[in-house]
Structure formats: C-alpha cells, structure tokens
Amino acid sequence: MIEIRGLTKYFGEHLVLDRVTLDVAKHEVVCLIGASGSGKSTLLRCINRLIEPDWGSIRLDGVAVEDPSWGKTGLQRRVGIVFQSYNLFPHMRVIDNIMLAPRKVRGLSRVEAHDKAMAVLALFGMERFARAYPEQLSGGQQQRVALARALAGEPEVLLLDEVTAALDPELVGEVMAAIRGLKAQGLTMVIVTHEMGFARDLADRVCFLDGGRIVEEAPPGALFNAPEHPRTRQFLERLL
Ligand code: ADP
Ligand code: MG
C-alpha cells in the first residue's frame, strides 16, 4: 500500500532522513520508534506530503504522492493523520469539528456528514459528547474525537504521531483501546509511539530509527526480545 524508497530530507545542513526505505502492506500496522530527533515525525509527514523530501519516492497504491492526479485533496482524503496535540477547533462543537472535512473535502450534505460523524463518534463511545466543545472534554476524550475526525474522511491509511504523549497516564489506555479497535477493522496504520508496550502489543512490524535511518526492522517479539543492532539495544535498555 505504501512504498517508500530512498527517502532523504535535509533541514538546512542537517540530514534528518537518510535514504529510508519502507513498505507497508494493506491492513498492516507498522510502529516507528526511536529517540527524540531521530526523524520519526518527518518520515510520517512525508507520507501525506506535509513535508517534501529532497530525494526518494513515496508511492501509495503504486501512485507517487506528488502525482498531479491526486488533485488538491485526494491524498489527504486517502491518508489521515492525528497528532499529539489534538488540534481540534476550540470554537466548534465536537460534531462540527468532525463534519467540517467531509462537507468541504468530500462534498457531503449536512445530513450525510452528520450521520457519518455520529457513526465515527459511536465507534469510540463518544456520541454523547457531540454537542460539547473541546474544552469541556478530557484529553483522552479530545484525542478520541481527533481520531473520529480523521476517520470521518474514510482514509485508507492512518498516520498517528505520538497520539498518547500529551495524555495523563490514566487516559492513555482509552485512546490505545480506540486504536486497537481500528486495527481489528483492518485499517492500515503507521504509528509513531514512545509507548513500547503499545508497539509490542499492536504492531505487525516495528522500525527503530536512529539518526534518520531505519537501523532495525522486525516483528515486535524479535525486536524487543532480541534486538540485533547495538543502537536498538542501547535505546531499549535506556527505557528500562
Ligand atoms: P522525531 O519525531 O523522531 O522526534 P523529527 O522528525 O521531529 O524527529 O525531527 C528530526 C530532526 O529534524 C530534529 O533534529 C529536528 O530538530 C529537525 N527538524 C524537524 N522539523 C524541522 C523543521 N521544520 N525545520 C528544521 N529542523 C527540523
Ligand atoms: Mg516526533
């Protein structure tokens, strides 16, 4: 579904992604782990073209992400993204936050967009908060709304960038449970996380990034129990 080849990105003189090659199959969940600054967010953001790489290619279902055939919003429709800071519009009710993109990007009618929004809220047990404003919700609830909003666009790939990092520990579980539900439905996901338990539990494959390179890539059992690369070992040991 996603084919990344030789992806290279500089910020000024600083090499941030160094010839990254990665394939993600349909229905697969790939977790990216690594120290802060190793390039995880940059890699994720190249996939939906929030960042343009300097070299290399990314194809989605065989079509380059920069191909003009995607049009203005085609790629964003196919590839959803959720960030650590939920980025909900504070002046809009939950339901309106979720209806916005389906109305604008997909041209759904009010009724269609409303039905869709309620359906995705229900998926995360959040229907009763439809009329609430973001500030009336806990962090975990806001993050579940952000996930619902991303799903309302019916993406084929979902990118998650440390979506539990800003949450109080007791709220992390509810968001993880929501993401586990998405995996059960077969959604293809690339997930940046610093929660190793979550990666171990959820990922089909884990990639360890160090200095802009994927230095090790393996199923979670192998990577966490028997890391081969010294940098991976060092990183995991530091977390103990
Ligand atoms: P991670 O998500 O693994 O913490 P990032 O992809 O955010 O890493 O960042 C990788 C490196 O690129 C870091 O050194 C960071 O400071 C740098 N960087 C990220 N975004 C920018 C930017 N917009 N301009 C300049 N440097 C950046
Ligand atoms: Mg990051």
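Which helix gives the largest share of the shell around ligand 1? I checked, and helix α1, residues 40-47, supplies three residues. Helices here are DSSP runs of H or I with at least four residues, strands are E runs of at least two, and both are numbered from the N terminus.

Housekeeping first. The model is predicted, with local features needing pLDDT of at least 70 and side-chain atom pairs pLDDT 80 or more, while totals for chains, interfaces and linings use all residues. Residues are numbered from 1 along each chain as its sequence is written, and chains are lettered from A and ligands numbered from 1 in the order written.

Back to the ligand. I listed F11, V16, G34, S36, G37, S38, G39, K40, S41 and T42 around ligand 1 (C-beta atom, placed from the backbone, within 6 Å). I sorted that shell into two nonpolar, seven polar and one charged (Ala, Val, Leu, Ile, Met, Phe, Trp, Tyr, Cys and Pro are nonpolar, Asp, Glu, Lys and Arg charged, the others, Gly among them, polar).

Then the sheet. I found four strands in an open sheet, ordered β2-β1-β4-β5, with antiparallel pairing (pairing takes at least two DSSP bridges). β2 (14-24) and β5 (63-64) are the edges with a single partner strand each, so one side of each has no neighbour in the sheet. Strand β4 (residues 55-60) is joined to β5 by two bridges, and L60 sits opposite V63 in β5.

Last, α1 again. I see seven of its eight residues buried, so α1 is largely enclosed by the rest of the structure (buried means 20 or more other C-beta atoms within 10 Å of the residue's own, C-beta atoms being placed from the backbone). R49 follows α1 and has a positive phi, near 65°.

Definitions and conventions:
A residue is buried if 20 or more other C-beta atoms lie within 10 Å of its own, exposed if 12 or fewer, and partly exposed in between; C-beta atoms are placed from the backbone.
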